[in-house]
Structure formats: structure tokens, C-alpha cells
Amino acid sequence: MEEFLKRCEQSGDAAYAALRSLLERLEDPSTRTDARVFLSELRKRFSSEEASERDRCLETYHFQIQDIYLEQYEGFEKRKKLSMIVIPSIFMPEDWSFTFYEGLNRHPDSIFKDKRVVELGCGNGWITIAIAEKWSPSKVYGLDINPRAVKISWINLYLNALDDNGQPIYDGEKKTLLDKILNPNPDAMSKMITESASEEFLHSLSNYCALQGFVEDQFGLGLIARAIEEGISVIKPLGVMIFNMGGRPGQAVCKRLFERRGLRVKKLWQTKILQAADTDISALVEIEKNSPHRFEFFMGLAGDQPICARTAWAYAKAGGRISHALSVYSCRLRQPNQVKKIFEFLRNGFTDISSSLDLSFEDESVADEKIPFLAHLANILLDISFFSYEPPAGSRRFRSLISGFMRTYHHIPLTADNVVVFPSRTVAIESALRLLSPRLAIVDEQLSRYLPSQWLTTLNIEKAESGKNSEEVIAVIEAPRQSDLMLELIKNLKPEVVVTGIAQFESVTSSAFEHLLDTTKEIGSRLFLDISDHFELSSLPSSNGVLKYLAGTPLPPHAMVVCGLLKNQVYTDLEVAFVISEEEAMFKALCKTVELLQGSTAIISQYYYGCLFHELLAFQLADRRPPPLRNGEKAKATAVNGFSSSTISVLDHTELSINESDESSLVHMDADQSFLPLTKPVKAAIFESFARQNITESETDVTHGIRQLVSSSYGFPSNSNTEFIYADCPVALFTKLVLCCVQEGGTLCFPTGSNGHYVSAAKFLKAKIASIPTNPEVGYKLTEETLTAALKTVNEPWIYISGPTVSPTGLLYSNEEMNKLLSVCAEFGARVILDTSFSGVEFNSKGFNGWNLGATLEKISPAKSTFCVSTRGLFNGLKFGFLLINQPFLVDSFHSFAGLSKPHSTTKYAVKKLLDLREQQTGNPLNATAEQMENLQNRYKHLKQTLESSGWEVLEAQGGISVVAKPSAYLGKTIKINKSGSSEEIKLDDSNIREAILSSTGLCINSATWTGIPGYCRFNIALEESNFKRALDCIAKFKSLVGK
């Protein structure tokens, strides 16, 4: 004994070394009994209840043995106290730990029984031992970053698990504390903090205010925030986390710390404790100085009015005692599996955006909607490197979920091939009207407000005379949403198309719908019925007369159902719409129309509503009942308003996407989008935009960033007269510009070799089109001479120019070339649509120094207007387009065509984040763009080599995502292809090369019909790596098949 005490007397480190030697004897079964008896004698040696004697022991021998009384607690042996050794380098039991234990006592006993429990920051282990003693958990771990604390707590375990004679103390289940408490491998923990560190340093580890890189650092809660997030990753889904926290930051801050991370929090216990005299709160004073936040202290234990840190600091300096609240919080994950997925995503390289996460909700229905979607989005962004190709008519999975919901909840036997997806209800209705081009349409007044103003003001509602130009403006008559009044108008005006909803009081039964069906069928009118206001995404949807009718009767060929999805709880302006048609011809025509006029619907919007549909379908058992019988086959409709001959011609002769089946796995080199890997900043921006709450308008204002982008990239000037217009894709902006051209009576001029999608869209909208011939000697680019010659023969010209990178050829217009073209346009008074959508990734641009168009544009007369439509490689993965118009009267003309599909606020937030990173010239977007350029350059080289070795003539490309090539070696040769289930031999030419490659290899490309360049096909090189390799294999395979 004396030798042991003499060693301890030397220093704190010597005392710890002596205690560690004692622990080694306790761990050895052969010496355990003697070591425990030694501890009993040591405790008796210093058993005085006088505090001064205990303090003298600590000062002299650098350790102390305390009895911790648990008052109301009675364990198996009815002990009311634990005997504990403490040393100076460990945070000693005081008010903090006693309050924590009091909070734990407020939990029902069953919460710990047979559970695995971990205490973080166990100190000398008394709470860990008390938990094991009272609540009978299956296992208990005591963890502490201080390695000495773990060693001392293990000594204390033996001190309480064995009696004074060194014999085990058993509970009612014949177990000892040694069976319940596990060694957390202190040697492994000592690799983080060495136990040979100084006593002062080891004691300082109890300071939980150390900065951890969380937003809560500003309140001194960074370490708690870190513990929560790391706890989420390891806790069982139904597990409980209990925290002992000082209330100095304020109760609201403490509560939000948990709630924004998806935890339900309950305050178990709260008291006040005196602030330790040696605690410096000047850091909190500094925080208050630089922020509006105020910490909460009290004057003494009796004070009930909070004071700020500065006042508390001054009061303490003057000799006063200050206190603060101490609370015990119990937390559970509100949607455990989903919240865990969200934090798994953040841990995988996205911790920078964790401060933006907000999973606190006052309304449970909002939480039930948002948290599963964020988990779904996190899964997607973790699992994928790119957004895969989806049909323009909507993701097949999303359309299948819609039809599945209709089958499951409304018993309507629909399939994905009855559903077409649109960006919004307004876009769906306008697109349908443009498809059908009726002389007269009746639209109910609640749906007509976003239609083009020309349709609502024309007085020409008479039938067109035979032979008269069919390109008249559609006349729309507004009607009240009441079936009897609507039916009266239909019978008298005999419109070709009717678009209406149903009043609330008429929606419960199918009577009004049936009357509308019968009346429109009788006069040969198409009917689009809007059910948006009555459609519920709910597990118990209200009665809906239209859907009741469709459960028992097929939708007639002349009728379609329109539904806008906008009734979500979280993102109030996030809309997607779908149209249901059971007529194959109408379904296919709508698919083509949405592709021509909109491109496609934003995939993330489809993910969002798809997640809602999936949640409603996921818990449903497969329907064991046979599908309900519907009343006979679809009745043959009388003659109804069909598609105009010009519309049919455009749809039949336009190269659009291949409508593939579920089983097919085509390679799409015919898509106007990039499938290159999403960069980390883009993924982070997308997730953060949906994770945030209460986004301010300034955080979604992209105008400054766009202004800087077009100025630095192209020297494009903008001023107070410049209008910035945004859409969810460039195609939507382009189609509105075409309509402006049509309204002005202009002629839209496309150089040969322009984007075939845009040319087809202009034809569909009945624009007057002129083709400007281009020459192979200059790579099919416009030249000053060819443009001048063309403009001499055109009245009211509107010139479409793709640049700096030309789509689809991939060549570049130099600054000098573009300045000359713009000067020619100004000379002839031409309006210019300058499309930079396919620029920004110039991979072979030696000698190209970008554009600086400012000087030339300033010389152009104000009456001559220039437009800029753009997306960038920087935004790969985000559907976003912008338009700059520098003439006020054209702004008015543009806005007269209402119904533009605008980007959601989350998209603008993400785009602004990326633009800000670009402007700061720091960070990954710029590096990512450089990586994309290098990737595309390598792709171009490999594709060119493969094509040339397979008999294609490749046009040299310098940028963009596509390459054009001519199948010179194949023209006139024969190949056998499978067509309609039988083998057929065809002779290859420009008109069938696309079909031949598709049928024989599964590779989709665009032919000369799309590129406009005789003989030249288009190949998209911005594919995912495995698909690009498959595409190269397909090209080689086609070579082997030709001529066999």
C-alpha cells in the first residue's frame, strides 16, 4: 500500500501509471481477487466523509475515491451508491453528470432493457455502470476520447462488479456487471489521443466548444452536432439518442440542432447549474458582437430572467456568480431509414452542404412528403454518375407509376402507353391545341388565362373558306365552368376542340362528364377534360366521378383527360402534368408534340412526383382480384376533328426519338443532351436546392450570374433595356421566338446544317422558313457572302445562328466571322436568334480566343434585335435555358405567348450556386468543364477513328457534343434487316440509313433528314462511358453486316 501511494505522490502521470498497473492485475483472473481486495483497503484508507480530506487525497496522491449516491435508485443488492476513482485528467462527476442521470431516470425502465447502449463521454464510467446496474441492457459500451478515462472507468467497473472480498456480485439473472459492460478497445482509441499527453490537455478534451465545421459552431455546439450526425449513421432505426446539453445557446437553438437533422426531440429534464469559475466565456461574447444571436445566462441560481453573454461576463468579472440551464434531450429519428440515407449521401463527399439541410417541420404531412423524396434523391445522386436517357413523353417508370396508381386506387386498367407527361397543365393544353389547330375552341375561363392573347382576342370564328390559308390564328371562346352552360355553348358554336374542367359540385358523380362526352361526340369535337382540381395523391382519395366512369368504361377516342400535379405539400410551384388517352394515334401525336415544343419534362420533377406515387403504391399488396370488366369495347366515334395535313406531314417526316419498349436497350446517339458524368458541384447544388427551406428570392435570382456569363463568354452587352427570360429548357424559349417571328410576318432563315429539332419545331408552328445554303469547303458554316446573297431575297428575315459551336457539326465561328455575320444582318435589318446552347465545351479550339461581340453589337441600329438562348456544359444535369431580348416591343410580343414552362425555384437556386462558383473562379465547376472538354476530345478521336475505319467520311469537329459523318462506303449497298417480324433486304441510301443501323445494331443516330446536310448523319458523343463503347461496337457491327 505504502509503495503504491509513494508512486502516486510523485505526479499525476505517476499516479495514473500506478493505477494502470493495478488494472492489469484486475484483468488477470489469477490476480484479480487480490487486486480487488487491495482496492477495498485503499477505499477504507481514504473513507473520510469530510470533503477536505477527499480533496487532500487528490492534491497529495493525484487520485480520489468517491461514493456517488443514487438516492431513489435500488439495484439488485439494494446498493444506493457506487464507489468511483477519479483522477485530475478526467472530467469529474458534478452537476452535469448528475443532471444527465436524473434525465435518464425519467425514461421508462423498458427503454434500455435488453438493448445495446453506448455512452459517449463516459468519463470515469459511473453513468455507464449505473445504466448496466439498474436497467439490465444486453450490452453497454462506455466511450471517451480521453484514453485515460476509459482505463479508469474499467477499474471502476471492477470496483463495483466485485465485492470487498473480490467475489462477483450477481443480479437476478445471474449476471455480473462484467457480463454487461464491454471493453471499447481503449488501445484503438489511444491512437487518436495518446494517454501520455499532459493532464491539462486531457482535461481540456471535455470542452465541447471546439470547432467542428458545422453551422452550430457559432453557438459552441459543433461537437454535439458532429455526435448527432455520426450517431445517425450507427444507431438502430428505432434507437434513441439522449443528450446532456448546456442551455447557454438558448433553448430554441438547442431544439433546432436536433430537429433540422430529422429527429423528434423531447426535453426529459432541465435544471440550472453554476457556470464553472474557470470557464472563459469571452468567445461567446465575441460571437454576440458579430451576430444578432444572444446566449442565455442567469444571475445566480435564483435568477429567472436570461442575460446575454456580455452581461454575464461583466457580472462574473465583478465577482458575481452566473448560471445557465442544463437540459437532457431524448431524440428519435422521425423517418429512420430515409434520414439515414440522407446522411449517408452527405458523408460521401457532400458534408459542405449539411448546413443547408433542414428536416424540421411543423406539419407532419410535409415531413411525410419531403423526407422520403430527399432520401430518394440522395440514393439517385449516390448511385448514378449521369441522368440516363428518358423518352421525351416522360420517364417510362414515372408513366408506369401513374398508370399503376390509376389501376390500384381507381381500378382503371391503364398502361404507360396511355400517359404522356408535360411540364405543366398550361403547356399540355396549349400543345394539344397547336397539335389540332382547330378553327374554334371553347376553353373554360379558369384554363384560358395562360393561352396566347391572340387566341383570346381574334373575332374570326367563322369556318375557313375552301382553299383559304389554314394558318389562321386559333379562335378561343372562354366559357364558364358549369356543365349546363358549357353544353349550351358547345351545341350552338360547334367548336372543334373543347377544353374544360368540372365544377366541384359536379365532380362527385359522372353525370356531367357523360353529358360532355355525348355532346362533343355528337358534333365531332375533341374533348380535353381537366381533373387537376379533383385529383388527390392520397391513400384514400375522394370520390371522383370522371375516374369512376373510366373504371367501368373505356375513354372514347375523341376524349382525353388532363391532370396537373401541383397539390404537393412542399414545393408549391413544382408542377408536372399528364394527359391520358386510350387512342393510340392521339397518344403518339402528343408524344411527338411535347418533344418538338418542349424537348422533355425536367427529370427531377418526375422523380419528385414519382416518389409520391411510389410511396402510395409501395405498401399495397398485388391486387388478387381480376381487373374490373369495362362496358364493352370502345365505341366507334363519329368523325371528329383530326390533325391537319401540314401537321401530319411534319410529324411523319421529322426524325424524333425512337419509342422503345421496356425490354429494349438502345444506344441513343440521337439525343440533344449530355450523358457525361454529373460533377460533384452539380450534384451538391441539386440536393441542396431541395434540402433547403425558406429560400429567399435573392437566392434564386440568377440574372447577375447570367449577365456575367454572357459578358465574359461572348462579350454580349446587356443594359437596363435587356430582358432576361428563363425556362426549364432552351427548346421552350426557341418555340416562343418562332411564334414571335410568325406574328411579325417574318421568315425564319436556317443555314443548311442547323439543328434538325429546331427546324422541325419551326415547321410544326407553321413558320415561314427559308434555307440558306452552306458549302462543304467551310464546313457548312455561314459566310458573309452566302448570308448576303440569301438576305437579298427574303423579306422580314429572322436569322438562326448556332455558335460559337455549331450544332450539329461541331465547328466554331471565330470572333471575326461572327462580327461579319452580325454586320450583314444589321445591313439588311434582320433579327438574329443567336443560340449558344451547344457551346461552352470547345475541345479542339486551337486559335479560337472566344467571342467579343460588344463592339459590333453597339454599332447595330437599336431597331435591329439580337437574342441569346443558352445552356452550358457547366449545367450538365440541370434543365435550364435563358433568353436575352434587347428590344422592349419584342419583349411584349414574347410575353403575349403565355404558358412558358418556367424553371422551378430549386433549379434556379442550383444554377445560381454554380454561377457563383464560376464567378469566384474557385472550386470545381471550372475544373469539371476542363475534364469534360478532355473527355469529349478523347471521345471525338475514338469515334472518328472507328467511323473512318468503317467507311465513313467524318467532318472535322472542334467542340460541342455531336459529330457528323457521311456513310460513303455504304450507299447503294444492301443489308438484311428485320421489319415487322420478317427479314427484308434493302438498298442503303440517305432515307433509310438510320432505320438500317437501328434495326441491325440497336444504335440510334440522326440521318441527313435531321442534319439538313446531304448524306451526313449526326452522332452524339456525350454518352456514358459504357454506352459510348457499345456505340463503337454497333458501328463496327454494321460494317460487318452490310453486303452479306
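In which sense do strand β13 and strand β14 pair, and over how many bridges? In this predicted model, β13 (residues 497-501) and β14 (residues 526-530) pair in the parallel sense over 5 bridges, where two strands pair if DSSP finds at least two bridges between them.

## Basis of the description

The model is predicted, with local features needing pLDDT of at least 70 and side-chain atom pairs counting only at pLDDT 80 or more, while totals for chains, interfaces and linings use all residues. Residues are numbered from 1 along each chain as its sequence is written, and side-chain values use heavy atoms, leaving out hydrogens and water.

## The sheet

Seen as a whole, β13 and β14 belong to an open sheet of 7 strands, ordered β10-β16-β15-β14-β13-β11-β12 with mixed pairing; strands (E, at least two residues) and helices (H or I, at least four) are DSSP runs numbered from the N terminus. The edge strands, β10 (419-422) and β12 (475-479), each pair on one side only, and the twist averages 20° from one strand to the next.

## Helices on the sheet

Helix α21 (residues 511-523) packs on the sheet and touches β13, β14 and β15 (559-565), its direction making about 160° with that of β14. Contact here means heavy atoms within 4.5 Å, and angles run from 0 to 180 degrees between N-to-C directions, with axes fitted to C-alpha atoms, for helices over the stretch in contact. Helix α24 (residues 603-618) lies across β10, β15 and β16 (576-580), running at about 70° to β16.

## A helix pair

Helices α23 (residues 584-598) and α28 (residues 730-744) pack at about 85° with their axes 7 Å apart, which means that α23 is roughly perpendicular to α28 (65 to 115 degrees). Leu596, Leu597 and Gln598 of α23 meet Val731, Ala732 and Thr735 of α28 in this contact.

Conventions. Angles under 35 degrees count as roughly parallel, over 145 as roughly antiparallel, 65 to 115 as roughly perpendicular and the rest as oblique.
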